[in-house]
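Please look over the sequence and the model below before reading on.

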Amino acid sequence: AICRLMHRNVFLCLLCSALSGLSDSIWSGAVFAGYLYVMTNNSNTKVGLAEAAIGASTLAFALPVGWLADKVPRHLVIAIGGSISSLAAIAMTVFAVVRPVTPSSSDPEAIQAADDAEFKQLVVACVMWGIANGIRQGPVKALFADSVPTGSRSRYFSMALFAYMIPSAVGPTLSIILIQVWGTDSWTKDELRMVLLVGVLLEIPVAFALLFFRPPPPP
């Protein structure tokens, strides 16, 4: 019924904006930076390196993704590239923070080696997130613009902005509640891991929603 009021692509873009706003605001801000900071023994340099990997990969892949979207139907680029890169990023992040990388031994060198391995895996995940974000911000927005009614782009892009911003204001509050419920508000690695996983797993519906975009309506 909703899709009868607007084109499928418009509805999906608004839905993805809302889901991304909620999930991103839970895990990709202070929680992710805090997790990296604790995991790397309070290394601001490593936190900055991991965060920079997201932006750098988005920038590096922006041109080839845009070129591909001009050569191949955008909905296919979104469905194949967007969903696969998003699911790969989710899987790599979950793999890095869930698998038992901390050795049973109390040997400081073994523990440090395990933390270093987890950090490298998270950097790879950050690169994947950058690629996924590039597809979401490029081809998805371009297809959204082509799918809205003529003369209504400003109104629909405002709707998309609000669809992202309102849930993104809820995410940090939810993060605080989860930390209070699951821990002692000490921002330990275990506390942050739980909140991080909640936010990352909420990205799964976004990845699957990318599969359902279709060609834009005729002008």
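Phe157 lies in helix H8, where helices (H or I, at least four residues) and strands (E, at least two) are DSSP runs, numbered from the N terminus. This is a predicted model, in which local features need pLDDT of at least 70 and side-chain atom pairs count only at pLDDT 80 or more, while totals for chains, interfaces and linings use all residues. Residues are numbered from 1 along each chain as its sequence is written, and side-chain values use heavy atoms, with hydrogens and water left out.

With a relative accessibility of 33%, Phe157 counts as partly exposed; buried means under 20% relative accessible area, exposed over 50%, and partly exposed in between, using a 1.4 Å probe and protein chains only. Not counting residues up to four places away in sequence, Phe157 touches Lys141, Phe144 and Ala145, a contact being heavy atoms within 4.5 Å. Phe144 is 13 residues from Phe157 along the chain, and their C-alpha atoms are separated by 8.6 Å.

Helix H8 also packs against a neighbour. Two packed helices are described by the angle between their axes and the distance between the axes. The axes of H8 and H9 come within 9 Å and cross at roughly 135°; axes are lines fitted to C-alpha atoms, for helices over the stretch in contact, and angles run from 0 to 180 degrees between N-to-C directions. H8 and H9 are therefore oblique to each other, since angles under 35 degrees count as roughly parallel, over 145 as roughly antiparallel, 65 to 115 as roughly perpendicular and the rest as oblique. On the H8 side Ser175, Leu178, Ile179 and Trp182 take part, and they meet Glu191, Leu192, Met194, Val195 and Val198 in H9. By class, this contact of H8 with H9 has seven nonpolar, one polar and one charged residues, where Ala, Val, Leu, Ile, Met, Phe, Trp, Tyr, Cys and Pro count as nonpolar, Asp, Glu, Lys and Arg as charged, and the others, Gly among them, as polar.

In the loop between H8 and H9 we find Trp187, which has a positive phi of about 55° although it is not a glycine. Most residues other than glycine have a negative phi. Trp187 counts as partly exposed, at 34% relative accessibility.

Another loop, between H3 and H4, holds Asn42, whose phi is positive, about 65°, although Asn42 is not a glycine. The helices H3 and H4 pack at an angle of about 135°, with their axes 8 Å apart, and are therefore oblique to each other. Phe32, Ala33, Leu36 and Tyr37 of H3 make the contact with Asn44, Val47, Ala50 and Glu51 of H4.

Which residues of H3 are buried? They are Val31, Phe32, Gly34, Tyr35, Leu36 and Met39, and the buried residues of H3 pack against H2, H4, H5, H6, H8 and H9.

This leads to the nonpolar core, meaning a set of buried Ala, Val, Leu, Ile, Met, Phe, Trp, Tyr and Cys residues joined through side-chain atoms within 4.5 Å. The largest one has 27 residues, of which Phe32, Tyr35, Leu36, Leu122 and Leu196 touch the most other members. Apart from it lies another core, of 18 residues, among them Met6, Cys16, Ile78 and Phe213. In soluble globular proteins, nonpolar side chains tend to be buried together.
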